[in-house]
Amino acid sequence: MAAYYDDLETRDDDVRAEALARVLPAAISRARTAPALARLLRDVDPAGITDRAALSRLPVIRKAELSDAQRRSPPFGGYTTRLAAEFDHIFQSPGPIYEPGRRDGDWWRLGRFLHASGVGRGDIVQNCFGYHLTPAGMMFESGARAVDAAVLPAGTGQTELQVRAAVDIGTTCYAGTPDFLKVILDRADEMGERLAFTRAVVGGGALFPSLRQLYADRGIVTRQCYATADLGNIAYESDALEGMIVDEGVIVEIVRPGTGDPVPEGEVGEVLVTTLNPDYPLVRFATGDLSAVLPGASPCGRTNMRIKGWMGRADQTTKIKGMFVRPEQVAALVARHPEIARARVIADRQGEMDVMTVQLETSADGKGYGDSVMDTLKLRADVQLVPVGSLPNDGKVIEDRRSYD
C-alpha cells in the first residue's frame, strides 16, 4: 500500500497557499448558486476570497439557522446547489436535519482516513454504522469502496449475528462507534469465537485511551476520524497519533465560541468548516465542537493543519452513543408532559460504554417516561424522577460528566 493517499497530503506551505487562492474563489462562486447562500453572500466578491484572512470576514452559518431554513424550505433549506431529486440519497439525522448524499466518487471523503488507517484491497470491513435514515453507514461504505475494500453492511445491534458473520466471513476491519466493538468482542468471548479484526476505524464518539489500549492488547490497531453528516470527513488520525490531520477537502478555522473570530494557534475554540463539496458547499459552518490547532506538521509526513481532536462542545449539544442530543430535544420532552417542570440529561461512562440518565423534576408518579425519552431523544436512558426545584439552577439541560483526559 502506498504511504499516502495522494500528493495533496504532502504539499508544502507555499503550494497549499497557491492552491487555496485558486480553489477558494471557485468554491465561493459555486456556493452562491445555492439560494440560501446566494442571499448570505450576496455582497461578497468571490475573487477577493483567496486566503484564510479573507475567509474569516465572511458570516458564520450555524446549525440552528440550517435547521430553521429546512423547516421553511424542505428538505435542504436552499443550501444545496442541486435539487433534492438530483441526489442519490436523502438522509434524516436527529433534529430532524436532512442531509444529501451521492454515490459518485468518495463523496464524504472517508477513503483518505481509511487509507491512513492501513485499510485497503484485501480487507473486509464490518461496517457497524447505521444504515437507517442517518448517513454514517453509507459514508463509511463509500470510503471503503474508495480504497478497494469489501464491506459487510452489518449496521447496529444484533451482536450474536455480528459475531457469527465476522467469523464466517473473516472480516478484518471493524467500522463503527468506539465502544460497540467491545460489545462485539465480549459477545465473541462468550460464544467461544475468535475474530480476525486487525484494524478498527471509528467515529461518532470519543475514543478513550483505555479503550484504545484494550483493543491494542487484542491485536487491533484503532484509528479515529472526526466527521459529520453535513461536512463529511473533517480530520483523521494517522499512525503518528499526534492530533488529527485536517482533510484535504475542507478548510478548518478555530474561532472564539459564538463568534467568527479566529483564535491564536493552540487556543481552544469552536471548529468552523468550509467544505469544497460543489453539491453542498457549506461556508464557515459552525460545528459546535471545541478543538485547537497543533503547531507544525505531523511526523507521518502529512503537512496539512493538525487539530487536537474533539475537546467537547461549544454549546450544550452532546454526542452520546454516537448520536447528538440537543437542547431543543430536551425542551420537546418537557413539553410533552405538563407535570414535568424541568429536565436534565446527563452523559456519563459506565466501564467503556456511554450511558445516559434523564432527570425529570416532577411531583407526579408518572410512568411511561422511558418511551417519551426514546421518542424525543432517540436513545434509551435511565429515567430518574426528582423533586421540583432540586436540579441545579445553572441553565444546563445537558451535562457531560465524561472525562476526555
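Colleague: What is the relative accessibility of Leu-133, and as what does Leu-133 count?

Modeller: Leu-133 has 44% relative accessibility, so it counts as partly exposed, a class that lies between buried (under 20% relative accessible area) and exposed (over 50%), with a 1.4 Å probe and protein chains only. Please keep in mind that this is a predicted model, in which local features need pLDDT of at least 70 and side-chain atom pairs count only at pLDDT 80 or more, while totals for chains, interfaces and linings use all residues. Residues are numbered from 1 along each chain as its sequence is written, and side-chain values use heavy atoms, with hydrogens and water left out.

Colleague: Where does Leu-133 lie, and what is its phi near?

Modeller: Leu-133 lies in the loop between β4 (124–127) and α6 (136–146), where helices (H or I, at least four residues) and strands (E, at least two) are DSSP runs numbered from the N terminus. Its phi is near 70°, a positive value in a residue other than glycine. Asp-148, in the loop between α6 and β5 (150–152), has a positive phi near 65° and is likewise not a glycine; with 43% relative accessibility, Asp-148 counts as partly exposed.

Colleague: At what angle do helix α8 and helix α9 pack?

Modeller: Two packed helices are described by the angle between their axes and the distance between the axes. Here α8 (residues 180–191) and α9 (residues 209–217) pack at about 40° with their axes 11 Å apart, the axes being lines fitted to C-alpha atoms over the stretch in contact, with angles from 0 to 180 degrees between N-to-C directions. Leu-181, Lys-182 and Leu-185 in α8 meet Leu-211, Leu-214 and Tyr-215 in α9, contact meaning heavy atoms within 4.5 Å. The residues of this contact divide into five nonpolar, no polar and one charged, where Ala, Val, Leu, Ile, Met, Phe, Trp, Tyr, Cys and Pro count as nonpolar, Asp, Glu, Lys and Arg as charged, and the others, Gly among them, as polar.

Colleague: In which sense do strand β18 and β19 pair?

Modeller: Strands of a sheet pair through backbone hydrogen bonds, either parallel or antiparallel. Strand β18 (residues 340–350) and β19 pair in the antiparallel sense over ten bridges, two strands being paired if DSSP finds at least two bridges between them, and Asp-348 stands opposite Val-355 in β19. Their hairpin has two residues between the strands, and Gly-351 in it takes a positive phi near 65°. Strand β19 (residues 353–362) is mostly covered, with eight of its ten residues buried. Five bridges join β19 to β20 (residues 382–386), and these two strands run parallel, with Glu-361 opposite Val-386 in β20.

Colleague: What order has the open sheet of four strands?

Modeller: The order is β1-β13-β12-β11, with mixed pairing. The edge strands, each pairing on one side only, are β1 (61–62) and β11 (250–255). Strand β1 pairs with β13 (residues 285–291) in the parallel sense over two bridges, and Arg-62 stands opposite Ala-286 in β13.
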